[in-house]
2 protein chains.
Amino acid sequence: MAQPQQERAVRTRAALIKAAAEEFDLAGYAGTSTTKIIKRAGSTMGALYFHFGSKEGVAKAVMAEQAADLPERVGRSGLQRLVDLTLELAQELRSNVLLRAGVRLAVEQGAFGIQDDTAYQLWITRFKEELIVADALGELREGVDPAGFARVLVAAYSGTQLLSRISTGHEDLRERIVELWRYFLPAIATPEVIGKLDFGMRGPEAAQ
Amino acid sequence: MAQPQQERAVRTRAALIKAAAEEFDLAGYAGTSTTKIIKRAGSTMGALYFHFGSKEGVAKAVMAEQAADLPERVGRSGLQRLVDLTLELAQELRSNVLLRAGVRLAVEQGAFGIQDDTAYQLWITRFKEELIVADALGELREGVDPAGFARVLVAAYSGTQLLSRISTGHEDLRERIVELWRYFLPAIATPEVIGKLDFGMRGPEAAQ
């Protein structure tokens with residue numbers, strides 16, 4: 001069991017991350033001050049600097065922990081699970097503040113002199129894990145490299161959400177991700193596997 | 001023939017775009033002032049506001065005209081020409097200041113409250129034109145939509161260059177673009193067409 005003091009520290013850190021995500025989402029990096037973040041979190045400057053060291057440190061944490069609020073998904077596996085995850089992300093980007101702020105900071109970081117690919121590497125690892133399962137299930141074409149395609153998919157996804165945000169405020173993102181899959185799938189799966197994939201994004205409940 | 005005064009205006013505008021690209025490339029949007037731009041261009045604030053209206057107007061022009069300094073390519077056609085163009089861009093992003101500044105602003109624009117997809121639409125149009133030629137040459141699979149795939153490719157390319165810049169300062173971009181093509185090509189071309197494509201990025205001279 002954690003000590004009460006440690007529990008408090010964990011809660012404070014989480015409150016700061018949440019408040020920072022809300023501020024960054026509203027006003028971007030430049031428009032957000034550490035004062036605004038601690039006010040919204042009901043915390044102190046001492047706590048913010050203890051946990052993150054600086055405003056840049058908070059931004060890096062928001063980028064790195066962008067997926068922390070995503071609902072846990074169970075049920076489907078392999079390539080279908082990866083498709084589900086990418087479609088779920090398209091939906092979550094419209095409603096999940098931590099994800100949206102983290103993705104926005106990861107894209108715009110160069111504007112503030114940050115160069116940190118942690119968030120991208122985390123998604124690459126996550127996608128790669130699903131692709132390794134898909135491979136074990138015999139769903140991937142011979143020669144497809146899970147790590148290589150995971151990196152390609154994260155990069156392509158990042159650009160797709162960026163263009164969708166600029167053009168439509170993410171309104172067409174789900175459609176664009178389905179279209180992206182249409183152009184990737186023949187390289188990674190057989191027609192038989194592709195034919196069984198469901199792009200309706202039914203949740204695990206519907207699939208059970 | 002243009003009047004001398006018009007010629008002067010064209011030259012002034014071009015000098016301002018060039019100077020702005022150099023400043024934005026060095027210091028980003030926030031770090032660049034209109035004063036720095038006119039000093040570097042040897043121009044005046046009146047000229048800058050006459051041509052662009054504001055710093056935001058200059059940035060939008062740099063985004064929209066990012067491809068203006070690209071060398072004209074002739075020689076190859078169809079899908080090969082599109083492949084050549086994407087590989088050439090990977091190289092130009094390392095040396096062509098106008099392209100690099102324009103792409104950077106297009107990616108980071110959200111940080112400055114700009115929402116302008118002009119630059120992306122221009123690339124979509126350009127890629128689509130090459131795909132229409134490829135289609136006329138019989139190089140595309142049935143059912144491939146030149147406009148749709150052009151949009152997918154621009155989005156995926158944007159994310160690929162973003163991740164490559166953050167991870168390696170664009171050092172691995174060429175390799176990443178070749179990898180991206182590997183995962184797109186089976187959806188858009190037959191194995192026979194794919195087998196003839198050259199990813200060595202020989203220039204038109206070498207191809208003649």
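This is a predicted model: local features need pLDDT of at least 70, side-chain atom pairs count only at pLDDT 80 or more; totals for chains, interfaces and linings use all residues.
The domain assignment places domain 1 of chain A at residues 4-64 and domain 2 of chain A at residues 78-207. Their C-alpha centres are 28 Å apart. In the contact, domain 1 of chain A contributes 14 residues and domain 2 of chain A contributes 15 residues.

About 1,300 Å² is buried between domain 1 of chain A and domain 2 of chain A, and carbon and sulfur atoms give 74% of that area. On the side of domain 1 of chain A, the residues that lose the most area to domain 2 of chain A are Asp25(A), Tyr29(A) and Met63(A), which together account for 48% of what that side buries.

| Item | Value |
|---|---|
| Salt bridges between domain 1 of chain A and domain 2 of chain A | one |
| Residue pairs in polar contact across the interface of domain 1 of chain A and domain 2 of chain A (both at pLDDT 80 or more) | two |

A salt bridge joins the side chains of Arg100(A) and Asp25(A), at 2.8 Å from N to O. Asp25(A) is also one of the residues of domain 1 of chain A that lose the most area to domain 2 of chain A.

Turning to secondary structure, helix 1 (4-27) and helix 4 (55-64) of chain A each supply at least two residues of the side of domain 1 of chain A that touches domain 2 of chain A. Helix 4 of chain A provides the largest share of that side, six residues. By class, the side of domain 1 of chain A that touches domain 2 of chain A consists of nine nonpolar, one polar and four charged residues.

Key. Residues are numbered from 1 along each chain as its sequence is written. Chains are lettered from A and ligands numbered from 1 in the order in which they are written. Side-chain values use heavy atoms; hydrogens and water are left out. Domain bounds come from an automatic or database domain assignment. Contact means heavy atoms within 4.5 Å. Buried area is the accessible area (1.4 Å probe) that two parts lose on being put together, summed over both. A salt bridge is a side-chain nitrogen of Lys or Arg within 4 Å of a carboxyl oxygen of Asp or Glu. A polar contact is a pair of N or O atoms within 3.5 Å; within protein, one must be able to donate a hydrogen and the other to accept it, and residues adjacent in sequence count only if both atoms are side-chain atoms. Helices (H or I, at least four residues) and strands (E, at least two) are DSSP runs, numbered from the N terminus. Ala, Val, Leu, Ile, Met, Phe, Trp, Tyr, Cys and Pro count as nonpolar, Asp, Glu, Lys and Arg as charged, and the others, Gly among them, as polar.
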